[in-house]
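Please take a first look at this structure. The report below is meant for a reader new to it.

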Amino acid sequence: MNTKKKVGFYTLGCKLNFSETSTIARSFKDEGFDRVDFNDPADIYVINTCSVTENADKRFKTVVKQAQKSNPEAFVVAVGCYAQLKPQELADVNGVDLVLGATEKFKITDYLNDLTKNDLGEIHSCEIEDADFYVGSYSIGDRTRAFLKVQDGCDYKCTYCTIPLARGISRSDELQNVISNAKEISSKGIKEIVLTGVNIGDYGKGEFGNKKHEHTFLELVEALDQVEGIERLRISSIEPNLLKNETIDVVSKSRAFVPHFHIPLQSGSNVILKAMRRRYMRELYVDRVIKIKEVMPHACIGVDVIVGFPGETEDHFLETYNFLNELDISYLHVFTYSERANTVAAELDNVVPKNIRTKRSKMLRGLSAKKRRAFYESQIGATRKVLFESENKAGYIHGFTDNYVKVKSPWNPELVNTLHDIELTKIDDDGLVRFDFVEVHSA
């Protein structure tokens, strides 16, 4: 009879949260717990929260209800960004027993001696200034790729952002530690590693946030490229002012790094960029895109953009729209600005009405679809390497080329988690790309 206690996990938010949930899950395993699916009955449910969108706040309550449905007696723990920013709000949610902030979440098993349900949620949350040590994380699960955390926290003071409040100062993992985590991931047969962090271009600040960089992001990229057994490396998201020409050159000649960059822009108007306290102007962004396309014409470039920031007039928005329309980029991630407590932007005048924010967001999403389509069309006839995913989606297997074109083919389980050279042939009705195999070479 299995008397082991069971634990289920639910992650809201970003790739960084996924990698941290995996690390927390491994600590439970070390303590003798069995991990089960979140929908199954468990003794403990751990919910890793996010504070970036309004929606994430609301979804938390739904997830708690879901846990209670599976086992009304289960012990429910909230960790993560929202838990650091608004612990009392989470503790007040019916069914929540324990709330752990930024420094406590990695010591979660220390808090679980007594698993009796609490009438009120208990909070262990540090002052964010105490979040000055670094915990390395990576996620491995059912995916063909792993998310490897190399950096945490942020020293930037963007006026709309709560992340520095939720995650503390910028600090990094030691280079040797990143390399050994990468080797461990590849030894498990995982083909692709995505580098994640809050501000990964700032990589190198010591684990206590000391400003002296032991290593630079460029050195990290060069070192990881040498690790045998890692088939693919992808940079998740990097600030334009920290993406140096040298790094772009190294990626263009690299063995494992793929030609795919995700670079936050946030606005195409210099007036708004200044109000956001971003660390660059739109001209620098253009330079980055030109440089990438110069050395990697086939590269995929994704862009984050925020609409409806306070003071964004119709002219500012059209400036952003036209700027992006003319730029040689591949897709957009569009965020509708939402007010966050304790941020400078929340106090600003000239608030953009919600209905106008929604309209602008729709326009940019339409532009994104157009850009993605144009990028996919530019790749028809090209030979690229694809990595196939593990899921059977309505009789099809999907995969991504190195430059992030999503392809599909009739389901074949033998293709799961393998790399193949393919020629992209046509865009299907659903917008995904069909292909022919060039040569079958399993990996």
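This is a predicted model: local features need pLDDT of at least 70, side-chain atom pairs count only at pLDDT 80 or more; totals for chains, interfaces and linings use all residues.

Residues are numbered from 1 along each chain as its sequence is written, and side-chain values use heavy atoms, with hydrogens and water left out.

## Aromatic rings

The structure holds 13 aromatic pairs. Rings of Phe, Tyr and Trp (its six-membered ring) pair if their centres lie within 6.5 Å; planes under 30 degrees apart count as stacked, over 60 as edge-to-face and the rest as tilted. Two of the pairs are set out here.

| Pair | Centre distance | Plane angle | Class |
|---|---|---|---|
| Phe28 and Phe33 | 5.0 Å | 80° | edge-to-face |
| Phe388 and Phe435 | 5.9 Å | 45° | tilted |

Phe388 belongs to strand E16 (residues 383–393) and Phe435 to strand E20 (residues 433–439), so this pair ties together parts that are 47 residues apart in sequence. Helices (H or I, at least four residues) and strands (E, at least two) are DSSP runs, numbered from the N terminus.

Phe388 is buried at 0%, and Phe435 is buried at 10%. Buried means under 20% relative accessible area, exposed over 50%, and partly exposed in between (1.4 Å probe, protein chains only).

Phe28 and Phe33 also belong to a cluster: ring pairs link them with Phe9.

The charged end of Lys408 sits over the ring of Tyr396, 4.1 Å from the ring centre. The test is that NZ of Lys or CZ of Arg is within 6 Å of the ring centre and within 35 degrees of the ring normal.

## Two packed helices

Helix H7 (residues 217–225) packs with helix H8 (residues 245–253). Their axes are 9 Å apart, at an angle of about 10°. H7 and H8 are therefore roughly parallel to each other. Axes are lines fitted to C-alpha atoms, for helices over the stretch in contact, and angles run from 0 to 180 degrees between N-to-C directions. Angles under 35 degrees count as roughly parallel, over 145 as roughly antiparallel, 65 to 115 as roughly perpendicular and the rest as oblique.

Which residues of H7 and H8 meet? H7 brings Phe217, Leu218, Val221 and Glu222. H8 brings Glu246, Thr247, Val250 and Val251. By class, this contact of H7 with H8 has five nonpolar, one polar and two charged residues. Here Ala, Val, Leu, Ile, Met, Phe, Trp, Tyr, Cys and Pro count as nonpolar, Asp, Glu, Lys and Arg as charged, and the others, Gly among them, as polar. Contact means heavy atoms within 4.5 Å.

## Positive phi in loops

Arg277 is not a glycine, but has a positive phi of about 60°. Arg277 lies in the loop between helix H9 (270–276) and helix H10 (282–295). Arg277 is partly exposed, at 45% relative accessibility.

Tyr404 is not a glycine either, and has a positive phi of about 65°. Tyr404 lies in the loop between strand E17 (396–401) and strand E18 (406–410). Its relative accessible area is 23%, so Tyr404 is partly exposed.

Tyr331 is in strand E15 (residues 331–336). Tyr331 is buried, at 3% relative accessible area. Gly201 is buried, with a relative accessible area of 12%. Not counting residues up to four places away in sequence, Gly201 touches Phe217, Ile238 and Leu242. Gly201 and Met276 are 75 residues apart along the chain, and their C-alpha atoms are separated by 19 Å.

Ala42 lies in the loop between strand E2 (34–36) and strand E3 (44–49). Ala42 is buried, with a relative accessible area of 3%. Not counting residues up to four places away in sequence, Ala42 touches Lys6, Val7, Gly8, Val36, Asn71 and Ala74. Ala42 and Glu294 are 252 residues apart in sequence and 53 Å apart in space, C-alpha to C-alpha.
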